[in-house]
Amino acid sequence: MDSGKFPESFAWGAATAAYQIEGGWDADGKGLSIWDTFTHQGGDRVFKNQTGDVACGSYTLWEEDLKCIKQLGLTHYRLSLSWSRLLPDGTTGFINQKGVNYYNKLIDSLLEMNVTPLVTLYHFDTPQAVEDQGGWYSEKTVETFEQYAKFCYSTFGDRVKLWITINEPGIVSRLSYEEGLLAPGKKDVGFGAYLSAHNMLKAHAKAWHAYNTFFRDKQKGLVSIALNSDWAEPLDPNSLADKEACERYITFNLHWYAKPIFIDGDYPTLMKTEISRKSQEEGLTTSRLPEFTNEEKSMIKGTADFFCLNYYTTRKVRALVTTLSKPSFNSDMGAEGIKDPKWPESGVEWLVVVPWGIRKLMAHIKHTFGTPDIYITENGFAQSDPPILKDIHRWGYFKETLTEVLKAIRLDGVNVKGYFAWSLLDNFEWMYGYSVRFGLFHVDYDQTNLPRTPYYSATEFAKVVKGNELI
């Protein structure tokens, strides 16, 4: 590479999610979300039983967030809408105008600053009323989500031109409905991940088609879905079992959603074969993986205008020996991801620093899914609490990762259109509460005004954004 310059009009952003930063959990007519219910039930589901009731206070302190965005010089900002703040019972039967006003102020202010909003419809926070009707287990939620999406397009789409329907459906499927670690805390092992994924894929597709049919011609926007994935390599490159396990690991994580959306509307053959075989061995008459009808396959195929990738880390993978008595997503996958002890660690146990993984993953996406435009919609590094303001290690992670992104663009011909750091602010990090910090800006939770202070990584990131290059 002859220089560290990124392409012209490269999107530089930071990302947040409504429940993680807004607070105001019951303010101005907002309805309950599953995360309000989940955290209020206690029982050590979250670190020290912490909640997002106040979080970063962004519902009232949103102008402070805008100052952070301005300080970074961002061209884009990724935010999510709180479904239950807009529609308290999840349906358009009652619209909370104060919620609409909040997002209107935020979107209008971003545009006045020449910052392009990238808006996520759903980032983990299902309205409790929708969950009470079955949540992502229910076909009814597919229709409810489609109506919610139409409402958002009609309300904000005159100004919002980049949309994400669902953030990390794979995480929702596995951690919310299979392992019970995230709200709503269901532990339906062997079944929950697949059923919830099935309905999320249909809901995403319906939301995409709603935009395509009713809004695209006038609003001229783009719609996608944010998929998370590790990169993976066999633990023993000479072991056939490990190589096959590695293929299953990527298939059961990335291809589970990406193949239906970007290729043919159906699940990967490898998933269908493995889950069907194991279901049969368990004495079941049908596979635990649901099937799409031909009509549904046609509906799902091609429902993304660009590829949104959330990447954090990489794993070495080995074959997992399982017992038939306990069907589960992991036993179906038959693969175990392992951290190489040589890889530096972050402030949260699952995130080890492997910047080169993002380049390999994006090359894989290019070759597998037809050279799509890729936005890296999340990438970040955690510090444990209390954090260090001079976060040299985090900036090292960002700089090395951005170097690999540049290599992907220049050397591999990957169409990377933008990069969004996770996160703009330290925030409520789901089951970890406030014990880990991903922010470019430090939030002092001990002070009532929740002041934001830039980390060293923020000042260095701002230099990259300003010059559109790595120095």
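## Helices α7 and α9

The crossing of α7 and α9 is right-handed. This comes from a predicted model. Two packed helices are described by the angle between their axes and the distance between those axes. For α7 (residues 139–156) and α9, the angle is about 35° and the axes lie 8 Å apart. On the α7 side, the contact is made by Glu139, Val142, Glu143, Phe145, Glu146, Ala149, Lys150 and Tyr153. On the α9 side, it is made by Asn199, Lys202, Ala203, Lys206, Ala207, Trp208, Ala210, Tyr211 and Phe214. By class, this contact has 10 nonpolar, one polar and six charged residues.

Helix α9 covers residues 192–214, 23 residues in total. Its first and last C-alpha atoms are 33 Å apart. That is close to the 33 Å expected at 1.5 Å a residue. The helix is mostly covered, with 17 of its 23 residues buried.

## The sheet β6-β8-β9

Three strands form an open sheet here, in the order β6-β8-β9. The pairing is mixed. β6 (231–234) and β9 (335–338) stand at the edges. Each has a single partner strand, so one side of each has no neighbour in the sheet. Direction ignored, neighbouring strands are turned by 40° against each other on average.

β6 and β8 (residues 314–319) run parallel and are joined by four bridges. Within this pair, Pro234 has Val317 of β8 as its bridge partner. Helix α15 (residues 356–368) packs on the sheet and touches β6 and β8. The direction of α15 makes about 95° with that of β6. Helix α11 (residues 240–264) lies across β6, β8 and β9. α11 runs at about 125° to β8.

## Strand β2 and its partners

Strands of a sheet pair through backbone hydrogen bonds, either parallel or antiparallel. β1 (residues 11–15) and β2 (residues 76–80) pair in the parallel sense over three bridges. Ala15 stands opposite Arg78 in β2. β2 also pairs with β3 (residues 116–122), again in the parallel sense, over five bridges. Tyr77 stands opposite Pro117 in β3.

How many of the five residues of β2 are buried? Five of five are buried. In a regular strand, the side chains alternate between the two faces of the sheet. Both faces of β2 are covered. His76, Arg78 and Ser80 are buried on one side, and Tyr77 and Leu79 are buried on the other.

## Ile374 in strand β10

Ile374 lies in strand β10 (residues 374–378). Is Ile374 buried or exposed? Ile374 is buried, because its relative accessible area is 0%, and buried means under 20%.

Neighbours within four places in sequence are left aside in the contacts of Ile374. The contacts are Phe307, Leu309, Met362, Ile365, Val414, Asn415, Val416, Lys417 and Gly418. Ser346 is 28 residues from Ile374 along the chain. The C-alpha atoms of Ile374 and Ser346 are separated by 26 Å.

## Backbone details in the loops

Two cis peptide bonds are described here. One joins Ala183 and Pro184, with omega about 5°. Pro184 is found in the loop between α8 (169–177) and α9. The other runs from Asp385 to Pro386, with omega near 0°. Pro386 sits in the loop between β11 (383–384) and α16 (392–410).

Asn49 has a positive phi of about 55°, although it is not a glycine. Asn49 is found in the loop between α2 (34–40) and α3 (58–72). Its relative accessible area is 36%, so Asn49 is partly exposed. Glu168 also has a positive phi, about 45°, and is not a glycine. Glu168 lies in the loop between β4 (162–167) and α8. With a relative accessible area of 9%, Glu168 is buried.

Key
Residues numbered from 1 in each chain as written. Predicted model: local features only at pLDDT ≥ 70, side-chain atom pairs only at ≥ 80, totals over all residues. Heavy atoms only, no water. Helix = DSSP H or I, 4+ residues; strand = E, 2+ residues; numbered from the N terminus. Expected span 1.5 Å × (residues − 1). Buried < 20%, exposed > 50% of the residue type's maximum accessible area, 1.4 Å probe, protein only. Contact = heavy atoms within 4.5 Å. Axes fitted to C-alpha atoms, helices over the stretch in contact; angles between N-to-C directions. Left-handed = near helix turned anticlockwise from the far one by under 90°. Nonpolar A, V, L, I, M, F, W, Y, C, P; charged D, E, K, R; others polar. Pairing = 2+ DSSP bridges.
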